[in-house]
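Subject: Structure handover

Hello,

Here is the structure I promised you. Please open it next to this email and follow along.

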Amino acid sequence: MINFSADDTYLNDIEELGYTVIPNAINEELIIDLMADCYRINPQFSLAGIGRLNNLQIDDTIRKDKTFWFDGTSQAQLTYQATMESIRTTLNRTFFMGLFDYECHYAKYTEGDFYKKHVDAFKGRSNRVFTSVLYLNTPAQGGELVVYKTKSKEIEIIIKPQAGTLVLFESERFVHEVLPAIDNRYSIAGWFRKNASISGIIDPPR
Ligand SMILES: O=C(O)CCC(=O)C(=O)O
Ligand SMILES: [Fe+2]
C-alpha cells in the first residue's frame with residue numbers, strides 16, 4: 001500500500017509537476033475485492049453525466065463510460081476510502097491544501113468507450129482540487145489516459161492502465177482524455193475537494 005512518508009518521490013512529483021503516477025499503490029487483495037465489487041454491482045453501472053446535480057447532462061459524444069458512485073455497501077469500498085483519507089491528510093499536511101472530503105465512482109469502459117479531452121474542474125466554478133484515478137485491471141490494449149501539458153496541445157504523458165496504478169493530478173491544471181477502450185477497462189475516478197459552500201449551503205457531493 002502506498003506510503004508517502006517512506007518515499008517522497010511522489011510528493012516531489014506533485015510539487016514540481018502537479019501530477020504523479022504510482023505503480024502498485026494499492027495491494028493486490030484490495031484490487032481483487034474492488035473488482036469483485038464491480039461485478040456485484042455490474043447491472044447498476046449507468047451512463048455517466050457531465051456537470052453536477054441539477055445540470056447533469058448525458059452526452060455520449062463526450063464520454064461513453066458507465067459509472068457507479070460509491071455507496072459504502074462493501075468492505076472494499078470502505079477500505080479504499082480509508083486509503084484515500086490518509087492521502088487526503090498527507091496532501092493537506094504537505095501542501096496546506098485544505099481538502100475537506102473525497103468523492104469517487106467506479107468507471108467501466110467497454111469496447112469503443114472513451115472520454116474526450118476535458119478538465120475535471122473549472123477555476124472558481126468547482127471545488128475539485130485533486131483528481132485520483134486507480135486502475136483495477138490491465139487491459140491488453142486501448143483505454144490509455146492522455147494528459148496534455150498546461151495551456152498546450154502537446155502531450156505531457158500517456159498512461160497505460162495497469163491494475164494497482166494510482167494517478168494523482170491537479171484537477172484545474174490538466175486537460176486529459178481517455179482513448180477508446182478495446183478491452184474492458186475498470187477504474188475508480190475520484191476527487192479531493194475543498195469546501196466551496198455558496199451562501200451558507202454546504203456543497204453537496206457529486
Ligand atoms: O480513467 C481515466 O484514466 C480518467 C478518467 C477521467 O478523466 C474522469 O473520470 O474524469
Ligand atoms: Fe477527467
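**What I found**

In this chain, 76% of the contacts with a separation of 6 or more are between residues 24 or more positions apart. Two residues are in contact if their C-beta atoms, placed from the backbone, lie within 7 Å.

Some ground rules. This is a predicted model: local features need pLDDT of at least 70, side-chain atom pairs count only at pLDDT 80 or more, and totals for chains, interfaces and linings use all residues. Residues are numbered from 1 along each chain as its sequence is written, while chains are lettered from A and ligands numbered from 1 in the order in which they are written.

**The overall layout**

The chain has three helices and 11 strands. Both are DSSP runs numbered from the N terminus: helices are H or I with at least four residues, strands are E with at least two. Starting at the N terminus, the order is α-β-α-β-β-α-β-β-β-β-β-β-β-β.

The chain has 206 residues, and 30% of them count as buried. Buried means that 20 or more other C-beta atoms lie within 10 Å of the residue's own; exposed means 12 or fewer, and partly exposed is in between, with C-beta atoms placed from the backbone.

UniProt, in an unreviewed entry, places the feature "domain: Fe2OG dioxygenase" at residues 95–194. UniProt positions are given in the numbering used here, feature names are shortened, and annotations may be inferred rather than shown by experiment. That span is 1% helix and 47% strand, and its end C-alpha atoms lie 13 Å apart.

Seven strands form an open sheet in the order 1-9-6-11-4-3-2, with antiparallel pairing. Strand 1 (19–22) and strand 2 (46–47) stand at the edges with a single partner strand each, so one side of each has no neighbour in the sheet. Two strands pair if DSSP finds at least two bridges between them.

Look at strand 11 next. Nine bridges join it to strand 4 (residues 101–109), in the antiparallel sense. His105 has Ala189 of strand 11 as its bridge partner. Strand 6 (residues 128–135) also runs antiparallel to strand 11, over seven bridges. There, Ser132 is the bridge partner of Gly190 in strand 11.

Strand 6 is mostly covered: eight of its eight residues are buried. Five bridges join strand 6 to strand 9 (residues 166–170), again antiparallel. Leu134 has Leu166 of strand 9 as its bridge partner.

**The core**

The largest nonpolar core has 41 residues; Leu34, Phe130, Leu134, Leu136, Leu166, Leu168 and Ile188 touch the most other members. A nonpolar core is a set of buried Ala, Val, Leu, Ile, Met, Phe, Trp, Tyr and Cys residues joined through C-beta atoms within 7 Å. Beyond four places in sequence, the contacts of Leu136 include Ile31, Leu34, Ala163 and Ile188.

**The ligand**

What surrounds ligand 1? The shell is Ala107, Tyr115, Asp120, Val133, Leu145, His176, Val178, Ser187 and Ala189. Strand 10 (176–178) and strand 11 (185–193) are the elements that give two or more residues to this shell. Its residues divide into six nonpolar, two polar and one charged.

**One loop residue**

Ile182 sits in the loop between strand 10 and strand 11. Ile182 is partly exposed, with 16 other C-beta atoms within 10 Å. Not counting residues up to four places away in sequence, Ile182 touches Glu111, Pro139, Gln141 and Gly142. Ser171 is 11 residues from Ile182 along the chain, yet their C-alpha atoms are separated by 26 Å.

Best wishes

Notes. A residue is near a molecule or strand if its C-beta atom, placed from the backbone, lies within 6 Å of it. Ala, Val, Leu, Ile, Met, Phe, Trp, Tyr, Cys and Pro count as nonpolar, Asp, Glu, Lys and Arg as charged, and the others, Gly among them, as polar.
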